[in-house]
Amino acid sequence: MRVYMVPNNFVKIGEYTKLNKAPEYIPFIGRSKSRILPIVYLLVCKGEVMYVGETRRGYSRPLSYHKNTVMKTQRDAIEYELSKGNVVEVYCIHVPNQIVTFNSESFENYIAQDYEKALIKKLNPPWNGRR
């Protein structure tokens, strides 16, 4: 089994512990689940990064897989691990947009997707669908 440590500066924002239940997050982030900010997040089980994702919607997306009908692969994988008594931890890092200049034009650049792609390439997590 590959085991990848959570990269530096990622912080735990919650954990899935019970089948068909919302994850625990208040001990980690208080009641700020609805905070909107660009993040890259990790789903981690038994010390292995299983999934890398990104969202502009903040904590809500990675803390909603228990009811997510679109991301079925990840939801089913979480349910499978929980049925075996494992915990699926959720970590994230805020990835602020950056001002870049190209061809004499300055503009805001959303870099979370590029960071997500780089981590997927490096870690090759099993729950990410594209290989």
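This is a guided tour of one chain, stop by stop.

**Before you start**

The model is predicted, so local features need pLDDT of at least 70 and side-chain atom pairs count only at pLDDT 80 or more, while totals for chains, interfaces and linings use all residues. Residues are numbered from 1 along each chain as its sequence is written, and side-chain values use heavy atoms, with hydrogens and water left out.

**Stop 1: the whole chain**

Show the cartoon. Secondary structure here amounts to 3 helices and 6 strands. Helices (H or I, at least four residues) and strands (E, at least two) are DSSP runs, numbered from the N terminus. Trace the chain along its sequence and the order reads β-α-β-β-α-β-β-β-α.

Now look at its extent. Along the principal axes, the C-alpha atoms fill a box of roughly 55 × 35 × 30 Å.

Switch to contacts, meaning heavy atoms within 4.5 Å. Among contacts in the chain with a separation of 6 or more, 64% join residues 24 or more positions apart.

**Stop 2: surface and charge**

Of the 131 residues, 41% count as buried. Buried means under 20% relative accessible area, exposed over 50%, and partly exposed in between (1.4 Å probe, protein chains only).

Color by charge next. The chain has 20 positive and 12 negative charges, and their mean positions lie 4 Å apart. Lys and Arg count as positive, Asp and Glu as negative; His and the chain ends are not counted. Each charge is placed at NZ of Lys, CZ of Arg, CG of Asp or CD of Glu.

**Stop 3: Cys45 and Cys92**

Select both cysteines. A disulfide is a pair of cysteine sulfur atoms within 2.5 Å. The count by this rule is 0 disulfides. Cys45 is in none; its nearest cysteine sulfur, that of Cys92, is 19 Å away. Seen from Cys92, the closest cysteine sulfur is in Cys45, and 19 Å is too far for a bond. Cys45 is buried, at 2% relative accessible area. Cys92 is buried as well, at 3%.

**Stop 4: two positive phi angles**

Most residues other than glycine have a negative phi. Select Lys46, in the loop between β2 (39–45) and β3 (48–55). Lys46 is not a glycine, yet its phi is positive, at about 55 degrees. This residue is partly exposed, with 48% relative accessibility.

Move to Ser104, in the loop between β5 (98–102) and β6 (105–109). Ser104 also has a positive phi, about 70 degrees, without being a glycine. Its relative accessible area is 71%, so Ser104 is exposed.

**Stop 5: the loop between β1 and α1**

Go to Leu19, which sits in this loop. Leu19 is partly exposed, at 40% relative accessibility. Show its contacts, skipping residues up to four places away in sequence: they are Glu79, Leu82 and Ser83. Then draw a C-alpha to C-alpha distance from Leu19 to Val88; the two are 69 residues apart in sequence and 11 Å apart in space.

Select Lys21 in the loop between β1 (11–16) and α1 (26–29). Under that exclusion of residues up to four places away, Lys21 touches Tyr16 and His66. Glu89 is 68 residues from Lys21 in sequence, and their C-alpha atoms are 14 Å apart.

**Stop 6: Tyr115**

Finish on helix α3 (residues 112–123), where Tyr115 is found. With a relative accessible area of 29%, Tyr115 is partly exposed. Which residues is Tyr115 in contact with, leaving aside its neighbours within four places in sequence? They are Phe10, Val40, Ile93 and Val95.
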